Amino acid sequence: MIGRLRRTYRRMRLGTRLALGLGALALVVFAVVGTALTTYMRDYLSAQLNDQLRLTQTAQSKSIADSGTLQGKRYYRWYYAVYDVSDGAAVLRKPENTGDVPEDVDEFTSLARAQAASGSELLRTEHLKGEGVYRLRACEVEPGVVLVSAAPMDGIDDTVTQLITIQAVTFVLALLALVIFGRKMLRRGLKPLSDMASTAHGITSHDLTESAARLPLRADGRDGGPEVDELRTAFNTMLEHIDDSLAVRAEAEQRLRRFVADASHELRTPLMSVRGYADLFQYAAANAPEERDKHLARLRAEAARMGVLLDDLLLLARLDAAEVEAPLRPVETDLVELAEHAADAFRAGHPDHPLTVRAGAEPLKLRLDPQRIRQVLDNLLTNAAVHTPAGTAVTLTVGVESGRALVRVADKGPGIPAADSTRVFDRFYRVDKARSRDRGGSGLGLAVASSLVRAHSGTIEVSSEPGATVFTVALPLSPTSLTKP
């Protein structure tokens, strides 16, 4: 039975449980207050009755001492008995009125003997046969004479019973009102929590497997007080975090699918070329020996291009997992000297693009991986040569600004469309979709440069307009920067 009640209680809503808890607490408070009030009232009425007996006996004692008998006004249902006490025996005097004493006077006689033995007033509560509960008081009128008076206590009992009845009815009504109105108030106060629960249920019905899944629901409202506002804020913050995580996951999945598709497409082309040139080489070996070297050179070139592509992919994968393995080997390096070497290699490989180097005379020493930063410079310079027509001027600038080392690669080519500027660092992304792979590359150069710069805790940005495209690389200065040789 107890287990069933406990299970039923656990299935109740929080508002109902709180209302019942408040009702139980109120019931305990009402019981304590009612008991204290009833006890106080009973003691107060008993004290009043004792004072009334004392005052009445004081007046009656004078009458008995003067006339030898009890005279004067009697109280309704009160009893009076006068005893002559000697040698431990108590003899009842004949009452003036037969109604002054009850039919059974044994309790009166016993109290008279006890008073004579003690010599002081005595109070007792006794049940008189056929009469009910009475308060008895015995006092000495004069030596050898004892007056015993008895007052009924049913008036006190009736008053206390009525008080208990009134308290019980009042407490029950107050308890019902507390439970009913308290439950309504609690339900209203807990409504924001119910709204948040409804929001959570709405989220569970939302399909989170969609590639662009977003959570359109939020807990709103201003009711409930500071605690509910704090919970609502935390709930919405959690939803925003989940929303951002879903967006990142969706974007990552989309990039992964695009990356796999692009990588498969990029690898398929050289593989098909390798297969074709291998067939041509086999044919030439049997039928046209003079063509073998040309086909073999093409075969090696395609294999080399595929190797470069795979190296870039491997490097990007290692940079993405930098917390597992660090592909960088930083040493103290002069950035100006590194830029000069990159410029020399560019002039040798692209003589049709005039290059201007602007750098200070003093070395700019940073702690970096020279091979990887050189790769960044080569990729940026090659990108400027590949995507601009012959004769386009290119500028390489090295300097310090706002506490950072800056490298700028600028060209005066046609520029990058604004819609493509934000995606030029994406993997396999080409601004000119129609550009051939032999001229446009694999679309990994800028992605590799961006990842390498980030691995050095730097940033890379692009700004472009017709006639001016600038790639800016910012690297943090090391403590030994700008030291003279």
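Begin by selecting His456, which touches Leu328, Leu368, Asp369, Arg372, Ile373, Leu475 and Pro476, leaving aside residues up to four places away in sequence. Contact here means heavy atoms within 4.5 Å. The model is a predicted one, in which local features need pLDDT of at least 70 and side-chain atom pairs count only at pLDDT 80 or more, while totals for chains, interfaces and linings use all residues. Residues are numbered from 1 along each chain as its sequence is written, and side-chain values use heavy atoms, with hydrogens and water left out.

Is His456 buried or exposed? His456 has a relative accessible area of 12%, so it is buried (under 20% relative accessible area; exposed is over 50% and partly exposed in between, with a 1.4 Å probe and protein chains only). Its side chain reaches the backbone oxygen of Leu452 at 2.8 Å.

Move on to Leu475, a contact of His456. Leu475 also touches Leu366, Leu368, Ile373, Arg404, Ala405, Val453 and Gly458, again leaving aside residues up to four places away in sequence. In the largest nonpolar core, of 40 residues, Leu335, Leu380, Val473 and Leu475 have the most contacts inside it. Such a core is a set of buried Ala, Val, Leu, Ile, Met, Phe, Trp, Tyr and Cys residues joined through side-chain atoms within 4.5 Å. Elements giving two or more residues to this core are α8, β8, α9, β9, β10, α12 and β12 (468-476).

Now select helix α8, residues 335-349. Its buried residues are Leu335, Val336, Leu338, Ala339, Ala342, Ala343 and Phe346. Seen down the helix axis, they fall within an arc of 155 degrees, so they line one face of α8; the arc is that of the directions from the axis to the C-beta atoms. An α-helix has 3.6 residues a turn, so residues three or four places apart point the same way. The buried residues of α8 pack against β6 (331-334), β7 (355-358), β8 (365-368), α9 (370-386), β9 (394-401) and β10 (404-411).

Finally, colour the model by pLDDT, the predictor's confidence in each residue, from 0 to 100. The protein averages 79, and 76% of the residues score at least 70. Over residues 434-440 the pLDDT is below 50.

Key: Polar contact = N/O pair within 3.5 Å; in protein donor to acceptor, adjacent residues only side chain to side chain. Helix = DSSP H or I, 4+ residues; strand = E, 2+ residues; numbered from the N terminus. Expected span 1.5 Å × (residues − 1).
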